[in-house]
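Dear colleague,

I am handing over the structure below, and after it you will find an account of what came out of it.

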Amino acid sequence: MFATISDFIYNNWSWALGLISLLSLWSALQILEWAWFTPRRLERRLRAQGLSGTVYRSPTGDLKEITRVNRETWAKPMPLSHDITSRVSPFFHCNMKEHGKTSFTWFGVIPRVTISDPELVREILSNKLSEIEKQKLTPVGKLLGDGLFSYQGQKWASHRRILNPAFHVEKLKRMLPAFSACCSELIEKWKGFSGPNGSFELDVWSEMQMFTGDVISRAAFGSSFQEGRKIFQLLFEQGERLIRAFEDVVIPGHWYLPTENNRRMKHIDREVKMLLRGIIKKRENAMKNKEVINEDLLGLMMESNMKEKIGNGKSNIVMTRDEMITECKLFYFAGQESTSVLLTWTLVVLSMHLDWQERARQEVYQHFGKNKPDFDGLSRLKIVSIRMIIFVGLSGNLLIPFVIISSETFCYRNGVIQLRICYYDRMVTMILYEVLRLYPPFAMLTRRTYNPVKLGNATYPPGVLLSMPIFFIHHDKELWGPDADEFKPERFADGISKASKTTGRNAAYFPFGWGPRICIGQNFALVEAKMGLCMILQHFEFEPSEKYVHAPITVVTLQPQHGAPIKFHRL
Ligand code: HEM
């Protein structure tokens, strides 16, 4: 075949040269169309609809500008009283100030519209419009968040159906020993740091990263915990290398270059997959031998996968082994850093608000004393199920006053009326909600239009990136009042729906996302954070260290740029 082609070129070289030139010209025109004409046509359409924005005339779009503005801002320390939104995402802050809450810029060669109106955010995230979906992943994105996080359509639906039961509140109970073991190890380790006067200082940011890595390793892989730990260490390095790669070069396609960093990242990916394959194979053999191992995320996922297979008899839509590997990797990326960020900011904020720290501690003492917190105590909402028939029989008169006084949500599920009654760990929950509002681990969510779509007064053509800045919406004074930047957990005293000035129908508060793609691990994260926080409060008092510099920045998640040194005193 090769000989025939080379013979042809040799005998008809002038024709071949012409053909090659034509092909090169066609490719060059395609690139020009993609990188120059398409974005400009889109920009004209957006401007014609009254939208304004900043456009950078370079192939890397706003990426270079974002990096420049961010670097300049982050090089300076920030006084505590300073407007925090201007530091967390300096580029978007300037853009929104100049062009309003809905404005556009470019993300490389893709037009990007920032949408900060909660009503529109809700519309986008409700996914009713199949025109809007998640952005397709780049090769490097696949190293980070492939699996449920990025799948679309039928594939996403079947994976979500299989994974949902593993994250159900009832199933989380089975993982409580894993959470509890990690918390005890943390407390014992910290006690070991204390000097003769019972005081010590440590960087809670790195401590919380290790802690949440341990929790995921144990909760996901149970007996294969040690391999899980190794996976966490490798993925941790992967994350750091990825950030380095982002910072080093901003040229399209640099992921494909065989640099030392890129080669190491690919090597890590192979090693992690090998370790996960080993764990899953071991588990499959155990299942074949009728050993039931469903006390961890992997076991629950495999159990659910098996049920799905038996349920519909179609083996082609259940998860393959490779897909399970991808989902396990995702547990780390989606769940480890986000929860460590939440716990870190909670400790930072409580170290500065000693009144709230004490109130939370008193609540913990009142319900658990010095004992380990149990699940029912930790789950914020006690769900009381009342049979429909009893409800009808009792008539509304008896129940309604009760609902108004003590329930937060009243829902109907599978023929059962559920009253979700708010009970004792209110203080801790309010604190965590407020921290998630002030420091949402993911500062921004994105979607992409695949067909023309009307949102508010504007119609967006296909190919537009829609950015929803959680951080800005959570700090919007019109929604949260003039004290939006202050730590005031009492705003959540009557639940999330009453906390902002909105009616509760729109997405003014969405640290875990919104709609069908809402975070699958939110219960997991909250139970973990509550357990960790309760045990820390039981054993230590804490205050900020003199070394602490308040400098939140977004590096995938919203992190403390210079760490979070805190002084602890043993109780
Ligand atoms: C404080 C902790 C956490 C926060 C703030 C958080 C936040 C989020 C957000 C905002 C999304 C929606 C992304 C989007 O719509 O584009 C999401 C999705 C997701 N999260 Fe979390 N997350 C947390 C913890 C966890 C944990 C512990 C796990 C698993 C162990 C997890 C697994 C996932 C997965 C798999 C998705 C994709 C869901 C889907 O697309 O169907 N998250 N998370």
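According to its unreviewed UniProt entry, the annotation "binding site" covers Cys519; UniProt positions are given in the numbering used here, feature names are shortened, and annotations may be inferred rather than shown by experiment. Please bear in mind that this is a predicted model, in which local features need pLDDT of at least 70 and side-chain atom pairs count only at pLDDT 80 or more, while totals for chains, interfaces and linings use all residues. Residues are numbered from 1 along each chain as its sequence is written.

Cys519 is found in the loop between α20 (477-480) and α21 (522-539), where helices (H or I, at least four residues) and strands (E, at least two) are DSSP runs numbered from the N terminus. Cys519 counts as buried because it has 20 C-beta neighbours inside 10 Å; the cut-offs are 20 or more other C-beta atoms within 10 Å for buried, 12 or fewer for exposed, and partly exposed in between, with C-beta atoms placed from the backbone. Not counting residues up to four places away in sequence, Cys519 touches Phe512 and Gly513, a contact being two C-beta atoms, placed from the backbone, within 7 Å.

Turning to the ligand, 22 residues surround it, and the closest are Gly335, Ser338, Gly513, Cys519 and Gly521 (a residue is near if its C-beta atom, placed from the backbone, lies within 6 Å). The elements that give two or more residues to this shell are α14 and α21, and α14 supplies the largest share, seven residues.

Leaving aside neighbours within four places in sequence, Leu432 is in contact with Leu342, Thr346, Leu526, Ala529 and Lys530. Of the 32 residues of α14, 27 are buried, so that this helix is mostly covered.

For the chain as a whole, there are 21 helices and 15 strands, and buried residues make up 35% of its 571 residues.

Best regards
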